[in-house]
Amino acid sequence: MAQFIPLHIERVLDMSAEGLTQNLANKVTSNRSVASGRLKNSFIISELSPNGYTVEMVGYGQIVDEGRRRGTMPPTQPIVSWIREKSIRPKKGQTIEQLAFAIAMGIKKKGYRPKPFIQPAVDEMIQQTLQPLANATAMDIADYIDAFPPIDIKA
């Protein structure tokens, strides 16, 4: 018996994985979540199989996407790095660390509004992939059927 090998489906999944990483980067840019570019450039495909794929990103991407409730103070070191990357100058007599602490306290007090980019990028990729995936599935099924020898039926 012939084995079903979804070659066309795999090609579509490969293309959709690449497309999703690009969509994620575009959504991060369009919702103005780019400070250093680290998040935008962090999307990588870590697992690709016939069952799907996994996309990874820097850890704070989820906080950007979902926001942060008030009451939780974020660590100050990433804020210090962000201040340096943006070349923000503290007020006279204030150190960068003090400014980072003040920002962290503000986030603790007010929270951080979500800037959703993950689900919109996934939804867009699904819409872009539906028809190519249907076509690939039909081609893989046709290839599978063609692998069987013809049956000679005599009446």
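I worked from a predicted model, where local features need pLDDT of at least 70, side-chain atom pairs count only at pLDDT 80 or more, and totals for chains, interfaces and linings use all residues. Residues are numbered from 1 along each chain as its sequence is written, and side-chain values use heavy atoms, without hydrogens and water.

Helix α1. I took helices as DSSP runs (H or I, at least four residues), numbered from the N terminus. I found that α1 has 24 residues and spans 34 Å from first to last C-alpha, close to the 34 Å expected at 1.5 Å a residue; the expected span is 1.5 Å times one less than the number of residues. Just after α1, R32 has a positive phi of about 60°.

Cores. I used buried nonpolar residues joined through side-chain atoms within 4.5 Å, with buried meaning under 20% relative accessible area. The largest core has 10 residues, among them L20, L24, F43 and F117. I noted that α1 (7-30) and α5 each supply at least two of its residues, and that α1 gives the largest share, 4 residues. A second, separate core of 7 residues includes I79, V80, I83 and L99.

Patch. I looked up F4, I141 and I145, which form a nonpolar surface patch with about 280 Å² of accessible area together. Areas come from the Shrake-Rupley method with a 1.4 Å probe; patch residues have over 30% relative accessible area and no salt bridge, with nonpolar side chains joined within 5 Å. I141 lies in helix α5 (residues 118-146).

Note on methods: Patch = residues over 30% accessible without salt bridge, like charges linked within 9 Å, V, L, I, M, F, W, Y side chains within 5 Å. Salt bridge = Lys/Arg side-chain N within 4 Å of Asp/Glu carboxyl O. Buried < 20%, exposed > 50% of the residue type's maximum accessible area, 1.4 Å probe, protein only.
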